[in-house]
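This briefing covers a sheet, the helices beside it, and a few individual residues. The sequence and the structure come before the points.

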Amino acid sequence: MSTGQQPLPRRAEHLNRLNRYRKLGHLAVANHFNRMTADLAAQPKFPDITQFLSRNFWPWIRDYLKYVFTPKYPFQAYPKDQTGVYEISNCTIAIAGDWGTGTDEAFRIGQLMGQPDLTIHLGDVYYVGDAAEIQENCLGQGANGFAGVQWPHGSMGSFALNGNHEMYANGEPYFTVFLPTLGMNGQKQLASFFCLEADQWRILALDTGYNSVGVPVLSQIPGLNQIGSIGGDCHLDDKLISWLRTTIKPRPPKPTLLLAHHQYYSAFEGSYTKPAKQLAELFGNQEFVWLWGHEHRFAVYNKFRKDGGITAYGRCVGHGGMPVEMKDPDVSQAPLQYHDTRSHGLDDGSKVGQNGFVNATIRGDTLTLDYRDIDNQSVLVESFTRTSGANFSYKLVADPGILVKVGGIAAAVAE
């Protein structure tokens, strides 16, 4: 189904184009390659691929091997005099995932997010989250003929999670360049995880990106030897688990909105269940609302429990700035309820879906999620209201009929 999407407002300077990021993939080596070729492509005398490989193959390999043999930046925990818990009250938080592309679409989504109380990025700055890309795609500094795009901050501040693409640069630029620009009411974001604590609700942001990149190997693809990776189960770091156990768990139980980069389950791609199993060991049978990115699409699931993990109402909102992928779901893998099948063409003739974001509003006992597209249409509104302790009830507030509805949303789906 086609959409009547309005032309995006363009700044005087040229922004990156969305088709630059099509078929990007999740291999570190491929993203380092794309990083180099994209920089060269912005230059007037960009050589064809044969010339590029003959002149730049070994520099690219050396650059990639430097990444491979450079240790990850140390995982950061909170110092003894800070808890990583930020007190909030009634507020609105604009959230986007996979936004850090510097494209026209990312610029438009940033505009539409406006200035709520807070903004939160769910992770991924492309291609490899190095210092130059963070400066260009998040801090608004132009490079290679492209204008920079500024990540929007709310009136109280902004936070950002760690994604797998930030770890393709070993995480150092994320921790040392991006985090110092973030925080709330003068309190800096010092780590890649945090808690926003309201009277009746808790927002718990986790780092699944730090352990998402595995060990590089040679994998066989028909007709091609390609460097890939194995491992990377996205498990939560021991320091994060310790923080959950000693700082969060002792607090009075509340309904909790989880934020992370990687999906717990999916009807489109694979699952990352290790963090959910770790959370189940700490929080038992507590149910959660969970927003994630990583997959470049918007999808709403029924509450679901997989492989011994927690029970969660999963929502994929990884459609902030990347080309939104068009793919048929497999509902036998996860209980998909809504997804967006609208598409539009790029200037290379390819078809992609609708970018968007979500406004999360806390008012007293109720958390409301208003999902909006790049035309600022509300495509779905739902609410979760505290009943007692950490328990909550669900309500579908508004369904304008824009999304494809796969099934009912009230009943839990057994593991």
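A disulfide is a pair of cysteine sulfur atoms within 2.5 Å; the structure holds zero disulfides. The model is predicted, with local features requiring pLDDT of at least 70 and side-chain atom pairs counted only at pLDDT 80 or more, while totals for chains, interfaces and linings use all residues. Residues are numbered from 1 along each chain as its sequence is written, and side-chain values use heavy atoms, with hydrogens and water left out.

**Sheet**

- Helices (H or I, at least four residues) and strands (E, at least two) are DSSP runs, numbered from the N terminus, and two strands pair if DSSP finds at least two bridges between them.
- An open sheet of mixed pairing is formed by nine strands, in the order E6-E5-E4-E3-E2-E18-E19-E20-E21.
- Its edges are strand E6 (187-188) and strand E21 (391-398); each has a single partner strand, so one side of each lacks a neighbour in the sheet.
- Strand E2 (residues 91-96) pairs with strand E3 (residues 118-121) in the parallel sense over four bridges, and the bridge partner of Ala-96 in E3 is His-121.
- Helix H3 (residues 104-113) packs on the sheet and touches E2, E3, strand E18 (356-363) and strand E19 (366-373), where contact means heavy atoms within 4.5 Å.
- The direction of H3 makes about 20 degrees with that of E18; axes are lines fitted to C-alpha atoms, for helices over the stretch in contact, and angles run from 0 to 180 degrees between N-to-C directions.

**Helix H7**

- Buried means under 20% relative accessible area, exposed over 50%, and partly exposed in between (1.4 Å probe, protein chains only).
- In helix H7 (residues 238-248), the buried residues are Leu-240, Ile-241, Trp-243, Leu-244 and Ile-248.
- Seen down the axis of H7, these residues fall within an arc of 155 degrees, so they line one face of the helix; the arc is that of the directions from the helix axis to the C-beta atoms.
- Asp-238 and Thr-246, on the other side of H7, are exposed.
- The cover over the buried residues of H7 includes strand E1 (85-87), strand E7 (194-197), strand E8 (202-205) and helix H8 (274-283).

**Individual residues**

- Cys-138 is buried at a relative accessible area of 1%, and Cys-316 is buried at 0%.
- Gln-135 lies in helix H4 (residues 131-137) and is partly exposed, with a relative accessible area of 29%.
- Gln-135 and Val-177 are 42 residues apart in sequence and 8.0 Å apart in space, C-alpha to C-alpha.
- Not counting residues up to four places away in sequence, Gln-135 touches Gly-140, Gln-141 and Val-177.
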